[in-house]
Amino acid sequence: MIKWENSKYGPKTRKFLSKPPQDFPLFTLLDGAVRSGKTLNIIQKIPQIFEFTGSEYLKVFSGYSRNSVKNNVLTELKPFIENYLGGTVKYNASTGEMEIKLFGKHYDCYVTGGGKSDSVNAIQGSTWDFWYANELPRHNYAFYNMALSRLTPECARAFADSNPESSNHWLYQEKILPYLNGDEKVREIFEYWHFTMHDNANLSDVFIQNQEKLYKGAFKKRKIDGLWVIAEGLVYDTFSLDKHTISDYALAEKIRNNEITEYFLGVDWGWNHPTVCLLLGADCSGLCYVIDELCSVKIDADGVIKWINQKQNEYGKFFSYANCDNARPEQNEKLRRYTNLVIYEEKPKVEDSISLVRSLINYDRLIVSNKCMHTLDEFGLYRYADENADCPLKCNDDCMDALRYGLYRHLTQR
Ligand SMILES: Nc1ncnc2c1ncn2[C@@H]1O[C@H](COP(=O)(O)OP(=O)(O)OP(=O)(O)O)[C@@H](O)[C@H]1O
Ligand SMILES: [Mg+2]
């Protein structure tokens, strides 16, 4: 717990803390290096913002999960309000409801996780006048948009903190980059504060030097220098195991509830290299799923046909088509003859199909079942040789190719 009476403040922190609530736009982001004071600066600002917004509407605290809000935010917010300001904080960890009493007012608050593809369901339909997003880039894109749309009162204010992620990330592309380029429309509603460890006067030089030793390469640039950069050569560097996977169990439930409306496949032929057949799905909101994978060496058309038929039985669904690697026309012909699927052999250009897949991931629209082990491995391995290469290295690409084929056909057919 922080001993606030010993706090030290550098110039940027002082400027942030002394800025009156009414002078902030709707949405303010504090980003930058680890340990630079972003979270504690927002915590200290909260009483003043609450006083300004009043207690008419709901106040929402979100993080990757409800528990991460508790650990990162409430552990400091509660003692700050109770021990230093004479208020009370009552938090129900199972429902997320939280009541804060401060300076004679009652504030109804709600704590929720925003990191998963279905997090948005918990926040539909109410009006908020305050939102604090802890570690905003780890929120799901649909949740973020829904949250912003809840903030309709004129006095509503949102604050978020973040460590930098990939420069492909939606937060960078939609807010930070336009802000830095002076985009007037963005600047009307969005303000950007960048902090380094040197802006946190509570850290010792030795501590900062030790932190600097913890990270290397792109992660050093992000965590220490606070820059939004692409991870060293990874093709899908915004893919996150936290945000972009779903348990086998949860996905099976979506399938049972008919939430997934279309089933299709991507096939990459191999022999000494693995043959990969990915079962993909899409729902009516535009989310795409990787539902199941066949990934094995020395499997030909017969093995794939068997797998497809078996999976149609297992899931109780008909698959509509497969888009297959065109290098093995005789195998594709067999698929055409012995399955009920339409078989396409459209080999998309590598760069084009990668950019389609990348934008699905950047906007949190691709969700992979955690049972697709080979596919998940390749997301972490599929990379470019160097910064100037147009095409990725031809290794760790078997599932990634099958994914490109299937998704390219799906995304370009409309
Ligand atoms: N006002 C303050 N008074 C005392 N210590 C502070 C204060 N602000 C920051 N610190 C110290 O700096 C540390 C980092 O602050 P904080 O957690 O707010 O940083 P952060 O930028 O949110 O870091 P991260 O990126 O790791 O989430 C705190 O754990 C605390 O030790
Ligand atoms: Mg923090």
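In the predicted model, eight strands form an open sheet in which the pairing is mixed and the strand order is 3-4-5-2-6-7-1-8. Strand 1 (residues 27–32) runs parallel to strand 8, and the two are joined by six bridges. Within this pair, Gly32 is positioned opposite Phe195 of strand 8.

The surroundings of ligand 1 were examined next. The shell around ligand 1 consists of 15 residues, and the closest are Ser7, Lys38, Thr39, Leu40 and Asn202. Helix 2 (residues 38–53) supplies three residues of this shell, the largest share. By class, the shell around ligand 1 comprises seven polar, five nonpolar and three charged residues.

At the level of domains, the assignment for the protein gives domain 1, spanning 4–223, and domain 2, spanning 245–412. Taken over C-alpha atoms, the centres of domain 1 and domain 2 are separated by 38 Å. Seven residues from domain 1 and seven residues from domain 2 take part in the contact. On the side of domain 1 that touches domain 2, four residues are polar and three are nonpolar, while no charged residues are present.

A helix pair was also characterised. Helix 12 (residues 350–362) packs with helix 14 (residues 398–412) at an angle of about 80 degrees, and the axes of the two helices lie 9 Å apart. Angles of 65 to 115 degrees count as roughly perpendicular; helix 12 and helix 14 are therefore roughly perpendicular to each other. Helix 12 contributes Ser353, Ile354, Leu356, Val357 and Leu360 to the contact, and these residues meet Leu403, Arg404, Leu407, Tyr408 and Leu411 of helix 14. The contact of helix 12 with helix 14 divides into eight nonpolar residues, one polar residue and one charged residue.

Terms used:
Residues are numbered from 1 along each chain as its sequence is written. Chains are lettered from A and ligands numbered from 1 in the order in which they are written. This is a predicted model: local features need pLDDT of at least 70, side-chain atom pairs count only at pLDDT 80 or more; totals for chains, interfaces and linings use all residues. A residue is near a molecule or strand if its C-beta atom, placed from the backbone, lies within 6 Å of it. Helices (H or I, at least four residues) and strands (E, at least two) are DSSP runs, numbered from the N terminus. Ala, Val, Leu, Ile, Met, Phe, Trp, Tyr, Cys and Pro count as nonpolar, Asp, Glu, Lys and Arg as charged, and the others, Gly among them, as polar. Two strands pair if DSSP finds at least two bridges between them. Domain bounds come from an automatic or database domain assignment. Two residues are in contact if their C-beta atoms, placed from the backbone, lie within 7 Å. Axes are lines fitted to C-alpha atoms, for helices over the stretch in contact, and angles run from 0 to 180 degrees between N-to-C directions. Angles under 35 degrees count as roughly parallel, over 145 as roughly antiparallel, 65 to 115 as roughly perpendicular and the rest as oblique.
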